[in-house]
Amino acid sequence: MLDEIMKKSKPKNIENAIKKLSEKLGNKKISIKPADLFSYSHDYWLITFHWLLQGKVPAFPDVVVWPESREDVVEIVKIAHEEGVPVYPYGGGSGVLGGAIPEYGGIVVDVKRMRSVQVHEEDLVVEAETGINGHYLEEYLNKRGYTLGQIPQSLYPSTLGGWIATKAIGQFSTKYGGIEDMLLGIEAVIPPGKIVELKPHPRTATGPDLRKLFVGSEGIFGIITKAWLKIWPYPEERFLMSFASETLEDALDSVRRILRRGAKPAVVRIYDKIETKRHFYKFDEMYGKVGTVIIVEGDPKIARTEKEIVEEEFKGKPMGEEPVKHWLETRFIVKEVSEFAPLGVVIDTIEVAVNWSNAAKLYYNVVNAMKSVKGVLFASAHASHFYPQGVCFYFTFAGLPPKNVSATEFYNQVWDKAMKATLESGGTISHHHGIGRHRAKWLAEELDGAYELLKKIKHVIDEKNIINPGNMGV
Amino acid sequence: MPGKWDWLKDEIGFSNLLTGGKMLLKVISGKLSVDDLTKCALCPNMCRHTCPVSIVDGRETTSPAGKARVAFMIREGRLELNLENLEPLYMCLSCNICTLYCPFEFSVADLTRPINEEAVKKGVVFEEFKKVFENLENYGDVYGAKSEEENGKGKVLYIRGCTIRNELPELSEKALSLLKKLGFEVFTINETCCGIPAYNLGNVELFKKLADENAKKINQSKAELVITSCPSCAYAYRVLYPKYGVKLKPKVVHITEILGDRLKGLKAEGEVTYHNPCKLALGLDQKELLKDILNKIEGLTVKEPRKEFFCCGYGGSAISRLNPELAEEIAQERRKQLKDGADKVITACPSCKLALNSDELEVLDIVEFAHQLLGE
C-alpha cells in the first residue's frame, strides 16, 4: 500500500542472503517485518517527507539487520559480498540528502546496538562504537569532566558513525574543529568482510592518511564500527557575547580579523537581517540589524584573552549575554517541517563554504538565485562555521510550488539555482551535510577530474559495488 | 517588541499573498494547523536521546518519531492494523521523558495511544495482554491475586498498589510504620488495581471500570487523604481519573510528597544517588522532589546520576510483557548510569526498586531509607 519512488531494482539473491543472515546472526537480529522495512525506507531528506505524506516512500530495503559486534558486521558484509546483495549502513537517519536510502533494495545495517564507550583520561581519548547516540556520548564525557566539542544540531538523534560518515561538524567548531579534526583512529569493515583497524596515535606518518578515507565516505567504502576521538577537559570558563552590526560585511570582516589574530571562539554565528529578525525578535535593538552570537570558552586565562580580542575587533554594538542565552536555549528546536510541510510548504537548508574573498558575493548570489524561483517565499542565511580562510553559509528557503509544479520539481529548481550560484561564486557545494543521493550530480561538477578518482577508489575497495550503491553517484 | 512572525510577514510580499502566502498567514495566526501525530511523524527524532527504548533497542521503528510514523501510516490505512505493526507502538515505557525535549511538548505515548485503543476495540490484542485483562477483570489485581482483606475506616487511607501487595509486602509494613512515626493514623482497604495497566495497554473500557470501582471504594471509606507508595497509582488517581470524569473525594499524595521537610535534620553517612520514578517526577511534575528530600539529610552526599530521567525499563506495562529481554536491557543501562553517581540508589517506586536492585547496586525505596533513618 506504500508506493516506492526511487527503487531501481531488487537484488537477485536476496532470499539466499536473508537465509544466511538468519543462520549466522539468528532471527532476533534481523527483520523483514513491514513496519521495520518502512522505517528504513528513508532518512531525513526533507523532500521525501512530502512523499511520505502521500503514502509514498523512497525505497524499501528487503531486510534490516542490527549487529551487536564488529564480528556480526563482518558476517553481514561477507554474506552481502558472496550474494552480491547491497548493504546500506544506517545510524540516526538524520542525514538530509538521502545518503541512507536503499534504492537498490538489499540489507540495511543499523549499528545503533553497538554503543559501548570508554575514556582514556591520561591520553585525552574516547573510544566508542559507532552506533552510540551523539548526546549520550557527550553526556557520558561531561559526567567525567570532558567534552568532545562536537555539538551538531542533530546531536540528539544522530550517531558517532553518522558523524564520521557524513563529515559532520558541530556548533562549537571554531574552537574544537569538525569530526575530521577529532578522529584519531578508526575501525571499519570493508568488502569482502575484512576488518580495517587504524589505531589512535597523536600523529602518524605512515603513508597516506587512510583514516580520512572513511571521513565523509557516506557508507560507500564500508561500515565504520568503532572510532577513537580527541577529547578536551570540560571548559572552566565561558563568555557569552553578542553584537548588532549594520551590515553583513561588517560582521563577516570582524570575525575574519578575530581569527587572523589566532583567537578561537568556540561558537560564532552571524545571522543576516531576515534571520536576525526571525531568531532574535525579542531583542528590539537587534531587529533590522545583522546579529552575531559568540561563545568563548576553555581555560580561564586563554578564554579571557580571546574575549578581549573579540571585543577589540568586532564592528557592531555589543548586545550582551541575553541573545546568546536565547540561542543556547533554542538551538535544538526543529519544528518547521512538522508545522509547514503537511500544508504543502517546501522547506530546506543548504550549507556551503567559501573563502573570505568571495564570502559576501556568494551570500548575495545564492539568496538572489533562490528567490528568483517562482513560489519562493523567502531565502535567508546565517554564517555558522568559521576558519581563518573563510566561512560556511547556511541558507534556508521556503516556498509554495506554483500551480502545475510538483513539490519535488519546485524543490529541485531551487536547489539547482543555489548550487549553480555557489559554484559560480567560487564556493564548495557542501560544508557539512555531505552529498547523499541528492547532491550527486553537482559533486561530479565540483570534483571534475577527481570524481573519476573517487569512482576508481570505490571500485578497488568494493569491486561488486554492494556498499551503499548509488550514493554520491559512484 | 516585534512579534514572532513579523519577519515572515515582511518577507511575504503582496504578490506572494495572492499565491499562497495567505495560507501561511493563517498558519502563523493559529487559524490553520497540522495534527499532532503528523507533526511528530515529520520530526527528525529530536527526543531520541531521552527515550530509553530508543537508546537501548536501537531500532528506528521503536524510536519516538519512528513510532509516530508507523502510527501515522496505520491511521492513514497504509499499514495494516495487525499485531506485527502494533508491536513497535507498544515498545513504549510511557515515561514521557520525550515531552521534556519536544518543541510541541508531545508525549509519544499519548499520540500513539488512539491506535492501540482502536486495536483493543477491534480485538487485535496480544496474548500477553489478554492475561492481564483477565486478572484485572476477575480479581481487580494485575497479578491475579485474590484478596479477602477487610475494608478499614479512618481519615488517612494508605494504598499499596498491586506491586507492593504482591512483590514487596515488607515495603507496605515499613510504610505503615513510617507513617505512624510521622503522626499519621492510617487504615487500609481491600484494594482494586488503579487501572493503569489497562490504560497503558489500550483497554480504556476496562480502565474506566476499574477507576469507577476505585472511586466508589475510596469515596465510601470517608478518607480525607489518600497516601500511596506507588507513583503509578498516584498518577492514575490525580491525573488520569479527572481526565475520564472519575471523581475522588479525598486529596491524593504520593508518600514522597508528604515527606517534604520531615526528614530534614536527620543524619546519615556515605554517598547515594537517586532514581526518579517517571510517574512521580514527570507524571506528577515533581522533578526535584526526591533529590531535595535527600539533600536535606545531614551528612549524606547526594550524587547526581548520569541521566536525571531514564525509565527503569518496567514502565508502561507493555515492554516487560512483550519483550522482557528489552526491559532487562534497559534496566541494565540504567544501572550503569546510576553507578556513575553512586553504588547506593534511593528511589520512590516499587517497580523501579524491583527493576534496578542487583548485586552491583543497592536500591532502596525512600520509605525504607526513611524508616532506617528514623530507627527501625
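**View 1. Overall fold of chain B.** Chain B holds 21 helices and 8 strands, where helices (H or I, at least four residues) and strands (E, at least two) are DSSP runs numbered from the N terminus. The radius of gyration of chain B, taken over C-alpha atoms, is 23 Å, close to the 21 Å that the globule rule gives for 376 residues, so chain B is as compact as a globular protein of that length; the rule is 2.2 Å times the number of residues to the power 0.38. This is a predicted model, in which local features need pLDDT of at least 70 and side-chain atom pairs count only at pLDDT 80 or more, while totals for chains, interfaces and linings use all residues. Residues are numbered from 1 along each chain as its sequence is written, chains are lettered from A and ligands numbered from 1 in the order in which they are written, and side-chain values use heavy atoms, with hydrogens and water left out.

**View 2. Interior of chain B.** Buried residues, meaning those under 20% relative accessible area (1.4 Å probe, protein chains only), make up 61% of the 376 residues in chain B.

View 3. B:K26 lies in helix 2 of chain B, which covers residues 14-28. With a relative accessible area of 46%, B:K26 is partly exposed, a term for values between the buried limit and the exposed one of over 50%. Leaving aside residues up to four places away in sequence, B:K26 touches B:K31 and B:L32, a contact being heavy atoms within 4.5 Å. The C-alpha atoms of B:K26 and B:V125 are separated by 42 Å, and these residues stand 99 residues apart along the chain.
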